[in-house]
Amino acid sequence: MAFDLSTTHEKVAGLLGDPTHVRWDEEQIELAIAQALGEISLAAGQTLTLKDLEDAPETSVPEQLAAALASGAAGFCAAMRAGARADWESQAEGEPQRLSAWGEARLAEFRAQVSRLYAAEARLHSQRAGTAPWAGWPDDFGERGQNAL
């Protein structure tokens, strides 16, 4: 089976339990795939492509990340839907929280798989993501509650 936008799209819709696009339309899924691909590219330290996504002529994402890409995209879709539905009154109690938890679990799987392949680069991504494992500059704005300049 080819590893391209179409097959990834099918896998994401399958993970979401929505192959007929009742809850997530094709554009939302494609946006989530692009978001997951961007995160993989960031971890890889280079721009990776998926055939037919944004007119890419070929796939440069390692095929071993096909399932991870689908899982990450499904997680992003769930996060989008949970956020969009958070204030709806006509939903089951706790639905946004369950959807959000499911999405977070998919994203955790995705990020773990990406980290296994791009271990060193993934650590750099976590630094850029704001989870600093290093000491801050003592004279940064806000470090001491005052501007040190």
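This note sets out points on the fold, the helix packing and selected residues of a predicted model.

1. Overall fold. The predicted chain contains five helices and zero strands. Read from the N terminus, its elements follow the order α-α-α-α-α. Of the contacts between residues at least 6 apart in sequence, 62% join residues at least 24 apart.

2. Burial and surface. The chain has 149 residues, and 35% of them are buried. Its accessible surface amounts to about 9200 Å², and carbon and sulfur atoms account for 52% of that surface.

3. Packing of α2 with α4. Helix α2 covers residues 26-44 and helix α4 covers residues 95-117; the two pack at an angle of about 30°, and their axes lie 10 Å apart. Angles under 35 degrees count as roughly parallel, and α2 and α4 are therefore roughly parallel to each other. Their crossing is right-handed. On the α2 side the contact is formed by Ala36, Glu39, Ile40 and Ala43, and on the α4 side by Phe110, Arg111 and Val114. Sorted by class, this contact comprises five nonpolar residues, two charged residues and no polar ones.

4. Packing of α1 with α2. Helix α1 spans residues 5-15 and packs against α2 at an angle of about 105°, with the axes 10 Å apart. The range 65 to 115 degrees counts as roughly perpendicular, so α1 is roughly perpendicular to α2. Helix α1 contributes Leu5, Thr8, His9, Val12 and Ala13 to the contact, while α2 contributes Glu26, Ile29, Glu30 and Ile33. By class, there are five nonpolar, two polar and two charged residues in the contact of α1 with α2.

5. Thr8. This residue lies in helix α1 and is among the residues through which α1 meets α2. Leaving out residues up to four places away in sequence, Thr8 touches Phe3, Ile33, Leu50 and Leu69. Of these, Ile33 is also listed on the α2 side of the contact between α1 and α2.

6. Gln28. Helix α2 also holds Gln28. With a relative accessible area of 31%, Gln28 is partly exposed. When neighbours within four places in sequence are set aside, Gln28 is in contact with Arg23, Cys77 and Met80. The C-alpha atoms of Gln28 and Ala73 are separated by 9.6 Å, although these residues are 45 residues apart along the chain.

7. Asp52. Asp52 is located in the loop between α2 and α3, where α3 is made up of residues 66-85. Although Asp52 is not a glycine, its phi is positive, at about 80°. The relative accessible area of Asp52 is 41%, which means that this residue is partly exposed.

8. Asp55. The loop between α2 and α3 also contains Asp55. Asp55 likewise is not a glycine, yet has a positive phi, here of about 60°. Its relative accessible area is 73%. Values over 50% count as exposed, so Asp55 is exposed.

9. Points to check in the structure. A reader may wish to view the contact of α2 with α4, including Ile40 and Phe110, and the contact of α1 with α2, including Val12 and Ile29.

Note on methods:
Residues numbered from 1 in each chain as written. Predicted model: local features only at pLDDT ≥ 70, side-chain atom pairs only at ≥ 80, totals over all residues. Heavy atoms only, no water. Helix = DSSP H or I, 4+ residues; strand = E, 2+ residues; numbered from the N terminus. Buried < 20%, exposed > 50% of the residue type's maximum accessible area, 1.4 Å probe, protein only. Contact = heavy atoms within 4.5 Å. Areas by Shrake-Rupley, 256 points an atom, 1.4 Å probe, with all protein chains shown as cover. Axes fitted to C-alpha atoms, helices over the stretch in contact; angles between N-to-C directions. Parallel < 35°, antiparallel > 145°, perpendicular 65-115°, else oblique. Left-handed = near helix turned anticlockwise from the far one by under 90°. Nonpolar A, V, L, I, M, F, W, Y, C, P; charged D, E, K, R; others polar.
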